[in-house]
Amino acid sequence: MNERTQRLLELDHAHVWHPFTPMKQWVNQQVPIIDRAEGEYLFDTEGNRYIDGVSSLWCNVHGHRVPEIDQAIRDQLDKVAHSTLLGLGSPPSIELAAMLAERAPGALNKVFYSDAGATAVEIAFKVAVGYWYHRGRPEKSAFIGFGGAYHGDTVGAMSVGYSDLFHRPFVSMVFRTHWAPSPDPARPPQPVVDRLKMEDADGQAKCPACGPEADCTQAVFPSQCPRLARALRDHCLDELEAMLQTHADHTAAIVIEPVMQGAAGMVCQPEGFVRGVGELARKYDVLLITDEVATGFGRTGPLFACEREVDESWHGPDIMALAKGISGGYLPLAATMFTDEVEGAFRGELRERKTFYHGHTYTGNALACAAAIASLELFDRNRVLDRVAANAAMIADHLEALKACPHVLDVRQRGIMVGIEICRDRDTREPFDFAKQVGARLCAAMRPHGLIVRPLGNVIILMPMPAMSPETLRRMLDIVVETINGWKYEHLEG
């Protein structure tokens, strides 16, 4: 270790409190200190090179030091770095809002800026409650969320995306939320299991997930079983409807991470689930908020995940929260999008006091918006969504090799968002001891091979950049497969 690295580690251990990090253990670790980046790679202070397999926490889109985005920020610096949107306009914020409205699904047409995913969803929650208040329905102030959801760590985000692991000390701070079941194929509820068994002629399951049906007899991983997916979708939608029948009169909105619940461990939703939720929201007169902070900007295939479900029966959400990839992974920026109908509830005469009194100092920051404009232009110019489709196919093909590992419980994928859940025993679904940090140790074993990835508990998360080259992605997948298949798991719990 060189002198500079040693000095930085000592200062880090003395002064920096890291997010989501067990700090007692942290001070005894010697982790890479990232000094610079180039394209798809990160370089530490020791000169080691790593593939950025987490897209710098799910936000980088086109790579690091992208000339077009770098130049857009430099050009904006020559004009103004930041000015407030309170009572003033800003060309980058105006132009970006128009670009987002043009690309957004359904009737989303208005943009309210902030600076992080949690603030984007907090704005969504306040607007949803305010919408009903201004329409003369102040009693509609509660929310329906989904089990396992995560929407951030501010108070409202905790309330609607509560995680016992993350938020237990703060449970006294959260507001009332009703929880609908999420369709998790690795942990199907007992009614779904019983239903599938009853449908089986002989009661014997040929597929680890369910039973003998022609289109799933070859399934090894639960998330790849279409029969289980359909049963989960129908069960969870039935439960949501029952909840709405009881609580719709007091509910402002349903909140969902569409297609893939990220921080839950990449729990993928069956086809038609998001559309079904949207149809129920409309039927019972509640708003639908889609949290696309993680899933937006090409991660699941289309630009926005909920586009996968838009059709003649469901035209899209009432509110959509965006962050992470919005600026290409360069600068803090978030946006909450609304239909004209939702935003219109806050218009009126001054005496009516309908103004949405909410804002942030760096709302619509000019540098961040300039980066976001350049990023969206690159989506078009470089056909990034085509690259995502090709990369998603490569991922699915390479991860087939994990079927040979008895310690891989499930491989969950939507587009280029991937969760690989490891366990002590696939047949019994017995998990590894959480305290042993098996997932973290597996990820650490990939670093010497030149790859940085992060786990969520015992789920290894793969989040390549949407624009990642096939060559780099292939190397990333080889490292992952070789490490998981080659590890001696009896040593991992030592």
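I began with the second largest pocket: α5 (91–103), β4 (108–114) and α12 (340–344) each give its lining at least two residues. The model is predicted, so I noted the limits: local features need pLDDT of at least 70, side-chain atom pairs count only at pLDDT 80 or more, and totals for chains, interfaces and linings use all residues. Residues are numbered from 1 along each chain as its sequence is written, and side-chain values use heavy atoms, without hydrogens and water.

Helices (H or I, at least four residues) and strands (E, at least two) are DSSP runs, numbered from the N terminus. A pocket is an open set of points on a 1 Å grid over the protein atoms alone, where a 1.4 Å probe fits, with protein on both sides within 12 Å along at least five of seven lines; lining residues have an atom within 4 Å of a point.

**Pocket.** I looked up the volume of the second largest pocket and found about 560 Å³. Of its 22 lining residues, Val 111, Phe 112, Tyr 113, Glu 343 and Phe 356 are the closest to the centre. Volume here is the space filled by probe spheres set on the points, which are joined across faces, edges and corners. Which element gives the most to this lining? β4 does, with 4 residues. I sorted the lining into 13 nonpolar, 6 polar and 3 charged residues. Ala, Val, Leu, Ile, Met, Phe, Trp, Tyr, Cys and Pro count as nonpolar, Asp, Glu, Lys and Arg as charged, and the others, Gly among them, as polar.

**α5 and α13.** These helices pack at about 35°, with axes 8 Å apart. Axes are lines fitted to C-alpha atoms over the stretch in contact, and angles run from 0 to 180 degrees between N-to-C directions. The residues of their contact divide into 10 nonpolar, 1 polar and 4 charged.

**α14 and α16.** Helix α14 (384–398) packs against α16 (470–486) at about 25°, with axes 10 Å apart. The two are therefore roughly parallel (angles under 35 degrees count as such). Among the contact residues (heavy atoms within 4.5 Å) I found Arg 387 and Met 394 of α14 and Leu 473 and Val 481 of α16. This contact holds 6 nonpolar, 2 polar and 3 charged residues.

**Positive phi.** Most residues other than glycine have a negative phi. Phe 20 has a positive phi of about 50°. I placed Phe 20 in the loop between α1 (3–15) and α2 (23–26). Arg 383 also has a positive phi, near 50°. Arg 383 sits in the loop between α13 (366–381) and α14.

Terms used. Parallel < 35°, antiparallel > 145°, perpendicular 65-115°, else oblique.
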